[in-house]
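Subject: Structure for your review

Dear colleague,

Please find below the structure that I am handing over to you. My findings follow directly after it.

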Amino acid sequence: HVQYQQKLDEENIAALQASAEAVSISRATLETTLAQSDQLQHCEDIHERNKYIVEKSGRIVRGMTWSGWMMNAFSKNSEPPTDKSSRADRMKEYVDSTTGNSVSSVLTESEINDLPQELQNPARMFQNYQCNVLLLEKCQNQQEYDTCLEICKKLHSSAKQAIGDADGSSASIKGNRLSGMSMQSLRRLGKKIDEVHDQQYGIVQRIGNRFQTDIQASEEGRNPNSLANPKANRLWANTENSALQQRIDKQDEHLNALAGSIQELLHNGAAIGATFESQNQLLDKLGTETDDLTEHTKLVSRRADRLSHRSLWRKPKDDFKYRVAIQHVKSKRFLSVEPHNTNKIALHETLHPDMSVFDIHERRESRLIGFKNKCTGTWLGQSTLGSIMCHAKTFGRNEEWEFDDGAMTRTKMLCASANWGNGGWLEADDEREGFSIGGHTVDSKKNASEWSISVLDNSSNSE
């Protein structure tokens with residue numbers, strides 16, 4: 001029976017240590033997720049500030065024209081972003097209320113194995129010390145508390161001694177100093193030991209005086225999961241096997257301690273799940289608003305370019321970039337001018353060497369480009385009535401386009417002059433075999449047609 005009791009005690013201690021390590025891992029995971037939430041919150045704050053700056057810049061640029069000044073007079077000014085309470089701070093308040101925010105996370109085996117060999121023994125001592133400090137606040141009676149506190153004091157002394165030995169202060173390894181990286185790790189380990197010792201002091205001050213002669217009975221009476229409740233006491237009151245009763249009481253205390261750890265794991269899991277959900281919502285929001293901000297930034301840049309060109313006494317210059325063919329991705333047909341009406345454009349099944357070829361010219365100091373047809377020498381653009389044609393003799397404002405150079409094989413084309421200078425995405429109607437200009441928003445971009453722009457020749461003499 002003695003050997004069985006010893007084995008049972010060892011298993012109970014091992015279970016408590018395992019539960020303590022599981023709780024510490026959950027706390028470390030929660031701390032990591034909270035740190036990620038802080039970083040995402042910081043990214044959102046930067047995004048909001050950038051959004052305000054772009055909107056304010058766009059309003060200023062728009063106000064430099066008479067029509068834009070009238071629009072600004074009847075529209076609301078952009079408000080600067082306000083300070084927001086951090087999601088991570090709100091989550092920390094929830095976590096502190098559920099976990100107590102008492103003991104820092106215990107070192108895991110993987111973290112210990114990543115340390116230099118000479119620091120693994122001090123790290124394991126520190127791990128044992130942390131686990132026992134965590135067990136200290138799970139104690140259910142005065143005797144268990146006194147025993148655990150004495151163990152914590154001895155483990156703290158041993159951990160400090162191991163740190164001192166690894167630091168080279170002990171005569172046993174004098175002259176064998178640590179490397180720079182190992183010394184930094186050792187200093188951090190020593191700082192953690194001091195932090196846990198301070199936390200141990202706080203636990204002692206908080207729960208050291210709560211154990212009275214009748215506290216165990218009152219706690220057992222309030223805990224419906226406890227085996228040592230008043231009904232159980234009455235059932236065992238008449239038994240003569242006091243040793244068995246003591247073992248059952250001890251096992252019940254062990255189960256109560258495990259129940260506390262499991263309850264904290266449940267709270268930590270709920271907090272981690274809530275943090276992940278908040279992060280996913282924030283990421284989705286940032287993804288959408290980043291696209292909107294990118295398009296708005298391009299819009300402001302186009303307006304600024306037009307204003308700078310208007311201030312010049314001469315026509316803005318452009319440079320030839322390359323000769324291309326423009327293919328509609330969905331229908332696999334090529335954008336071409338009509339043989340019998342060269343001002344009109346259409347989609348042809350085959351690539352014509354002249355009617356389906358365009359020269360791309362780029363405005364100097366700008367991302368705006370123009371498409372000049374090789375056959376007719378006219379420019380692709382928007383007519384006065386808003387239709388897409390290839391009839392302009394010069395590269396003017398209505399013939400300015402924009403697309404993504406980095407994704408020419410699958411890109412979308414924006415007519416910069418459409419929608420009163422806000423721009424609009426080119427859409428091809430396969431059924432009616434016509435073209436139209438949509439809006440300039442991100443949603444309009446998603447619905448716009450995709451085009452594949454293939455470079456045929458990039459030499460300057462191809463003109």
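Arginine 363 is buried, with a relative accessible area of 3%. Its partner in a salt bridge is glutamate 400, and the closest N and O atoms of the two lie 3.2 Å apart. Glutamate 400 is likewise buried, also at a relative accessible area of 3%. Because arginine 363 belongs to strand S4 and glutamate 400 to the loop between strand S7 (388-392) and strand S8 (401-402), the pair ties together parts that are 37 residues apart in sequence. Please bear in mind throughout that this is a predicted model.

Further salt bridges

The search of the whole structure returned eleven salt bridges. One of them joins the side chains of aspartate 359 and arginine 323, at 2.5 Å from N to O. Here aspartate 359 sits in strand S4 (residues 357-363) and arginine 323 in strand S1 (residues 318-328), so that distant parts of the chain, 36 residues apart, are linked. Both aspartate 359 and arginine 323 are buried.

A further salt bridge brings together the side chains of lysine 374 and aspartate 354, at 3.5 Å from N to O. This pair connects two loops: lysine 374 is in the one between strand S5 (369-373) and strand S6 (379-382), and aspartate 354 is in the one between strand S3 (345-348) and S4, 20 residues away. Are these two residues buried or partly exposed? Lysine 374 is partly exposed, with a relative accessible area of 36%, and aspartate 354 is partly exposed as well, at 30%.

Nonpolar cores

The largest nonpolar core has 29 residues, and those touching the most other members are Val133, Leu136, Tyr145, Cys148 and Leu186. Two or more residues each come from helix H1 (2-62), H5, helix H6 (142-166), helix H7 (180-207) and helix H10 (242-310). Of these, H5 gives the most, with eight residues.

Helix H5 spans residues 117-136, and its 20 residues reach 30 Å from the first C-alpha to the last, close to the 28 Å expected at 1.5 Å a residue. The helix is mostly covered, with 14 of its 20 residues buried.

Which residues does cysteine 148 contact, leaving aside its neighbours within four places in sequence? They are Asn132, Leu135, Leu136 and Cys139.

In soluble globular proteins, nonpolar side chains tend to be buried together.

Surface and overall figures

On the surface, Trp66, Trp69, Met70 and Phe74 form a nonpolar patch with about 600 Å² of accessible area together. Methionine 70 is placed in helix H2 (residues 66-73) and counts as partly exposed, at 40% relative accessibility.

The secondary structure of the chain comes to eleven helices and twelve strands. Of its 463 residues, 41% count as buried. The accessible surface comes to about 26500 Å², and 51% of this belongs to carbon and sulfur atoms. Among contacts with a separation of 6 or more, 63% are between residues 24 or more positions apart.

With kind regards

Terms used: Residues are numbered from 1 along each chain as its sequence is written. This is a predicted model: local features need pLDDT of at least 70, side-chain atom pairs count only at pLDDT 80 or more; totals for chains, interfaces and linings use all residues. Side-chain values use heavy atoms; hydrogens and water are left out. A salt bridge is a side-chain nitrogen of Lys or Arg within 4 Å of a carboxyl oxygen of Asp or Glu. Helices (H or I, at least four residues) and strands (E, at least two) are DSSP runs, numbered from the N terminus. Buried means under 20% relative accessible area, exposed over 50%, partly exposed in between (1.4 Å probe, protein chains only). Patches are made of residues with over 30% relative accessible area and no salt bridge: like charges are joined within 9 Å, nonpolar side chains (Val, Leu, Ile, Met, Phe, Trp, Tyr) within 5 Å. Accessible areas come from the Shrake-Rupley method with a 1.4 Å probe; for residues, only the protein chains shown count as cover. The expected span of a helix is 1.5 Å times one less than its number of residues. A nonpolar core is a set of buried Ala, Val, Leu, Ile, Met, Phe, Trp, Tyr and Cys residues joined through side-chain atoms within 4.5 Å. Contact means heavy atoms within 4.5 Å.
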